[in-house]
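Keep the view open as you read.

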Amino acid sequence: MTASHAQLTLAEVEALAREAHAAQRDKAGRPYTEHLAAVAEGVRSRGGSDEQIAAAWLHDAVEDDALSAEWLAGAALPQAVKDMVLAVTKRAGEEPEAYARRILATPGALLVKEADLAHNADPARLAVLEPAVRTRLTAKYARVRELLGLTAPDAPSQGRD
């Protein structure tokens with residue numbers, strides 16, 4: 001290992017992610033860190049490992065330019081965390097099929113993306129958006145779920161009512 005210091009703890013990863021995304025808002029105007037926390041909790045509740053939870057905290061950091069790919073490459077994180085973050089990071093002009101293949105090919109990444117999609121597609125979260133945006137995003141999330149082989153809207157069997 002090239003890093004001369006210890007690996008970041010989960011609490012340190014959370015703090016870094018919260019700081020990096022502090023000024024960011026989601027499409028509904030909510031603090032973006034609420035989404036990160038929900039995805040991390042979604043991974044945890046689905047039985048994810050600490051590495052997957054760390055990846056959940058960082059899942060949008062590179063894509064949203066909150067942290068650079070160079071930062072991620074040099075971060076004191078297990079390679080598996082870095083791989084999962086890069087797997088779920090959308091690339092400009094990338095076809096959804098290629099994106100899904102990369103997620104499916106990366107150990108641990110599917111659970112992170114599943115938790116991300118579950119929170120993104122939460123009916124309460126979508127309800128506050130303009131109808132056209134809600135319709136577009138619902139279709140987009142459904143398409144990615146289909147490509148990833150995730151058929152149910154939410155993995156844990158819970159009543160939605």
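Is threonine 138 buried, exposed or partly exposed? Before the reply, a word on the model: it is a predicted one, in which local features need pLDDT of at least 70 and side-chain atom pairs count only at pLDDT 80 or more, while totals for chains, interfaces and linings use all residues. Residues are numbered from 1 along each chain as its sequence is written, and side-chain values use heavy atoms, with hydrogens and water left out.

Now the reply: threonine 138 counts as partly exposed because its relative accessibility is 37%. On this scale, buried means under 20% relative accessible area, exposed means over 50%, and partly exposed lies in between (1.4 Å probe, protein chains only). You will find threonine 138 in helix α9. Helices are DSSP runs of H or I with at least four residues, and strands are E runs of at least two, numbered from the N terminus. Leucine 126 is 12 residues from threonine 138 in sequence, and the two are 8.1 Å apart in space, C-alpha to C-alpha.

Next, look at helix α7, where histidine 119 is found. Histidine 119 counts as buried because its relative accessibility is 19%. Apart from neighbours within four places in sequence, histidine 119 is in contact (heavy atoms within 4.5 Å) with Glu34, His35, Ala38, Val39 and Arg125.

Some loop residues deserve a visit too. Aspartate 122 sits in the loop between α7 and α8 (123-127), and with 25% relative accessibility it counts as partly exposed. From aspartate 122 to glutamate 146 there are 24 residues along the chain and 17 Å between C-alpha atoms. Arginine 30 lies in the loop between α1 and α2 and is partly exposed, at 45% relative accessibility. Its contacts, leaving aside neighbours within four places in sequence, are Gln24 and Arg25. Although arginine 30 and arginine 125 are 95 residues apart along the chain, their C-alpha atoms are separated by 9.8 Å. Aspartate 65, in the loop between α3 and α4 (69-74), is exposed, with a relative accessible area of 68%. Its phi is near 60°, a positive value in a residue other than glycine.

Now to the way the helices pack. Axes here are lines fitted to C-alpha atoms, for helices over the stretch in contact, and angles run from 0 to 180 degrees between N-to-C directions. Angles under 35 degrees count as roughly parallel, over 145 as roughly antiparallel, 65 to 115 as roughly perpendicular and the rest as oblique.

Start with α1 and α3, whose axes are 9 Å apart at an angle of about 10°; the two helices are therefore roughly parallel to each other. On the α1 side, the contact is made by Leu10, Val13, Glu14, Ala17 and Arg18, and on the α3 side by Asp50, Ile53, Ala54, Trp57 and Leu58. By class, this contact has seven nonpolar, no polar and three charged residues. In this count, Ala, Val, Leu, Ile, Met, Phe, Trp, Tyr, Cys and Pro are nonpolar, Asp, Glu, Lys and Arg are charged, and the others, Gly among them, are polar.

How do α6 and α9 meet? Their axes come within 9 Å and cross at roughly 50°, which means that α6 is oblique to α9. From α6, the residues that meet α9 are Pro96, Glu97, Tyr99, Ala100, Ile103 and Leu104, and their partners in α9 are Arg143, Val144, Leu147 and Leu148. The residues of this contact divide into eight nonpolar, no polar and two charged.

With α7, α6 packs at an angle of about 125°, the axes being 7 Å apart, so α6 is oblique to α7 as well. Tyr99, Ile103 and Leu104 of α6 make this contact with Ala109, Leu110 and Lys113 of α7. Five of the contact residues are nonpolar, none polar and one charged.

That brings us to the interior. In soluble globular proteins, nonpolar side chains tend to be buried together. Here the largest nonpolar core has 39 residues, and those with the most contacts inside it include Val43, Trp57, Leu77 and Val81. A nonpolar core is a set of buried Ala, Val, Leu, Ile, Met, Phe, Trp, Tyr and Cys residues joined through side-chain atoms within 4.5 Å. α3 gives the most to this core, with six residues. Finally, valine 81 touches Glu51, Ala54, Ala55 and Leu58, not counting residues up to four places away in sequence.
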